[in-house]
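Welcome, and please have your viewer ready with the cartoon display on.

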Amino acid sequence: MNPTLRQMRAFVALARTGNFTLAAQTLHVTQSALSGLIKELEQTLDARVVDRSTRRIGLTDIGRELLPLFSQIIDDLDGALANVADHTRLKKGVVRIAAPQLMACTLLPPSIAAYRAQHPEIVVRLADTEVEGVITRVLSGEADVGIGPERTPAPPLLARELFSMPFALVFPHEHPLAALERVTWQDAAAYPFISLQGQFTELLLDAVPPSRTGIALSPAHEVTFMTTALAMVSAGLGVTVCLPYAAPLATLYGLTMRPLDAPTLQRRFFVYTRPGRSLSPAAESYVEFLFAYVKRAQAEG
């Protein structure tokens, strides 16, 4: 039979104070309860650990050997429990997020700033990447949380829908499209189209097929990042489509963003996490904060 934690705490307190009364006060127990724990410890070890006298106790040879060992066990345990408490009370922790480059420079920075205003002790690390990189980083464990668009086929991850937004057309302020009251995909198809590589273009072509709409949406340029597409639009090389959360960046590039009709296309974004693995308290806290932040932003906007 092994000594219990209560027995070890009682012995260490008694050894440090040298007095049953003071040790009992330290542990917030009665003196008789403390004496009982010491007796239980000695019975468990089948050896005496203290020599009792009317004034003060002294440690036996075995007691002196056990004191540093028991003290270290208790200190390590108390330190570990304090560390866990800091995490659960959000006094400590790290959140690692992977997100597409456009979202990483528009929607997420203000959400992270708002979160850290409430939880300044939490470290939030944001990795900006191409869309495909979001899933890869979560699967590999490089990121606790991934935020990105719906993927086909669906990745082997847990997915919670964060928001759904319609595509908008982006063009320079003085562009002929600015004179139209309503902008359609057919209007956009009349100008060089700048698109993103990968599933972005595939999804658009599937959603706006010429056979159904009469629109030949053929990209004149395909780039990796939306910031590149916006810069090319600003330079007069064509038009592009993106989601409304990128409006601040479109404004920065001196561009106009207008809703696209006929048809109206929605794109869904998800929070991705690994199945079978619990999030840390900090990561779980940030995810819940982000859902509330996005919902509030949509209500206000």
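A polar contact here is a pair of N or O atoms within 3.5 Å; within protein, one must be able to donate a hydrogen and the other to accept it. Keep that in mind for the third stop, and note that this is a predicted model.

**Stop one: the sheet.** Select strands E8, E12, E7 and E11. These four strands form an open sheet in the order E8-E12-E7-E11, with mixed pairing. E8 (183-184) and E11 (240-242) stand at the edges with a single partner strand each, so one side of each has no neighbour in the sheet.

Zoom in on E8 and E12 (residues 255-261), which run parallel and are joined by two bridges. Here Val-183 stands opposite Leu-260 in E12.

**Stop three: Arg-258.** Where does the side chain of Arg-258 reach? It reaches the backbone oxygen of Leu-180, at 2.4 Å. Arg-258 is buried without a salt bridge, and Glu-181, the nearest side chain of opposite charge, is 7.8 Å away. Beyond its sequence neighbours within four places, Arg-258 is in contact with residues including Ala-168, Phe-171, Leu-177 and Val-183.

**Stop four: Leu-290.** Finally, select Leu-290 in helix H13 (residues 281-300). Is Leu-290 buried or exposed? Its relative accessible area is 1%, so Leu-290 is buried. Not counting residues up to four places away in sequence, Leu-290 touches Leu-108, Ser-111, Ile-147 and Leu-162. Leu-162 is 128 residues from Leu-290 in sequence, with 8.4 Å between their C-alpha atoms.

Technical notes:
Residues numbered from 1 in each chain as written. Predicted model: local features only at pLDDT ≥ 70, side-chain atom pairs only at ≥ 80, totals over all residues. Heavy atoms only, no water. Pairing = 2+ DSSP bridges. Buried < 20%, exposed > 50% of the residue type's maximum accessible area, 1.4 Å probe, protein only. Lys, Arg positive; Asp, Glu negative; His and termini not counted. Salt bridge = Lys/Arg side-chain N within 4 Å of Asp/Glu carboxyl O. Contact = heavy atoms within 4.5 Å.
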